[in-house]
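Me: I have a structure open and want to learn how to read it. Can we go through some features one at a time?

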Amino acid sequence: MWCCGKIKAQKPAGGLFCPGRFFPAAFWQRAVCLLLPVLLLLSGCSPQPVHLQLYAMDTVMELKIWGAPDAAPAIEREINRLEQQLSVTRADSLVSQLNDRQTVTLPPDIQELLSFAAALCQKTGGAVNPCLYPVTKLWGFTTGSYQVPTAAAISQALSSVQIENLHLEGEQAF
């Protein structure tokens, strides 16, 4: 388990996903790591934190910001920017376009994130796999069609989630 403020991700049985988001924990850990230096710089000795509550990444987030009350809008913009690029529930996101087998141009931070995730997949023998969404989608959490998939459906979906199916060439991914 890793934790940053009130955002927690745990390893549920059968996968490495943040609750309600269906991305491998490595994606969100990397995204949070991009925000962590900003948050650390903003943590001062303010007696009262600024509270920020927002809905992003299919969950309600509650953040407390000490020492830099004016930073809340920038933090909210960054979280929303990451969601716009990485969400599987937004048809216009980079990840959704990749899931639809489109070629996309990646910004440098997302290039780095996907390269890191692909390398981690290789190093872990597939235990951390950024391509696993077709398998997790079977449970219906992002569609509202909740179900326990059959073993045959899981097996068929697993055949399409090989890291070799993700091609990263410079700023292009497909």
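Me: Let us start with Leu-54. Which residues is Leu-54 in contact with, leaving aside its neighbours within four places in sequence?
Reply: This is a predicted model, so keep that in mind throughout. Leu-54 is in contact with Thr-59, Val-60, Met-61, Leu-63, Glu-76, Ile-79 and Asn-80. Leu-54 itself is found in strand S3.

Me: How far apart are Leu-54 and Asn-80, in sequence and in space?
Reply: They are 26 residues apart in sequence. From C-alpha to C-alpha, the distance is 9.3 Å.

Me: Is Leu-54 buried or exposed?
Reply: Look at the relative accessible area. Buried means under 20%. Leu-54 has 6% relative accessibility, so Leu-54 counts as buried.

Me: Now the whole chain. How many helices and strands does the protein chain have?
Reply: There are 6 helices and 7 strands. In sequence order, the pattern reads β-β-α-β-β-α-α-β-α-α-α-β-β.

Me: What share of the residues in the protein chain is buried?
Reply: The chain has 174 residues, and 40% of them are buried.

Me: And what share of the contacts with a separation of 6 or more joins residues 24 or more positions apart?
Reply: The share is 50%.

Me: Next, helix packing. How do I describe two packed helices?
Reply: Two packed helices are described by the angle between their axes and by the distance between those axes. Take helix H2, residues 72-86, and helix H4, residues 108-123. They pack at about 60 degrees, and their axes are 12 Å apart. That angle makes H2 oblique to H4.

Me: What is the handedness of the crossing where H2 passes H4?
Reply: The crossing is right-handed.

Me: Which residues of H2 and H4 meet?
Reply: From H2 come Arg-81, Leu-82, Gln-85 and Leu-86. From H4 come Asp-109, Ile-110 and Leu-113. By class, this contact has 4 nonpolar, 1 polar and 2 charged residues.

Me: What is Asp-109 in contact with, leaving aside its neighbours within four places in sequence?
Reply: Asp-109 is in contact with Leu-34, Arg-81, Leu-82 and Gln-85.

Me: What about Leu-114, where is its place?
Reply: Leu-114 is in helix H4. Leu-114 is buried, with a relative accessible area of 5%. Leu-114 and Arg-30 are 84 residues apart in sequence, but 9.5 Å apart in space, C-alpha to C-alpha.

Me: What is the phi of Arg-101?
Reply: Phi of Arg-101 is near 65 degrees, and this too is a positive value in a residue other than glycine. The loop that holds Arg-101 runs between helix H3 (94-99) and strand S5 (104-105). Arg-101 is exposed, with a relative accessible area of 67%.

Me: Where is Thr-105 found?
Reply: Thr-105 is found in strand S5. Thr-105 is partly exposed, at 46% relative accessible area. Leaving aside neighbours within four places in sequence, Thr-105 is in contact with Leu-94, Glu-171 and Gln-172. Thr-105 and Ala-173 are 68 residues apart in sequence and 6.5 Å apart in space, C-alpha to C-alpha.

Me: Last, aromatic rings. How is a pair of aromatic rings described?
Reply: Use the distance of the centres and the angle of the planes. A search of the whole structure finds 1 aromatic pair. Phe-141 and Tyr-146 form this pair, which is tilted. Centre to centre, the rings are 5.8 Å apart, with 55 degrees between the planes.

Me: Is Tyr-146 buried or exposed?
Reply: Tyr-146 is exposed, with a relative accessible area of 59%.

Terms used:
Residues numbered from 1 in each chain as written. Predicted model: local features only at pLDDT ≥ 70, side-chain atom pairs only at ≥ 80, totals over all residues. Heavy atoms only, no water. Axes fitted to C-alpha atoms, helices over the stretch in contact; angles between N-to-C directions. Helix = DSSP H or I, 4+ residues; strand = E, 2+ residues; numbered from the N terminus. Parallel < 35°, antiparallel > 145°, perpendicular 65-115°, else oblique. Left-handed = near helix turned anticlockwise from the far one by under 90°. Contact = heavy atoms within 4.5 Å. Nonpolar A, V, L, I, M, F, W, Y, C, P; charged D, E, K, R; others polar. Buried < 20%, exposed > 50% of the residue type's maximum accessible area, 1.4 Å probe, protein only. Phe/Tyr/Trp six-rings, centres within 6.5 Å; stacked < 30°, edge-to-face > 60°.
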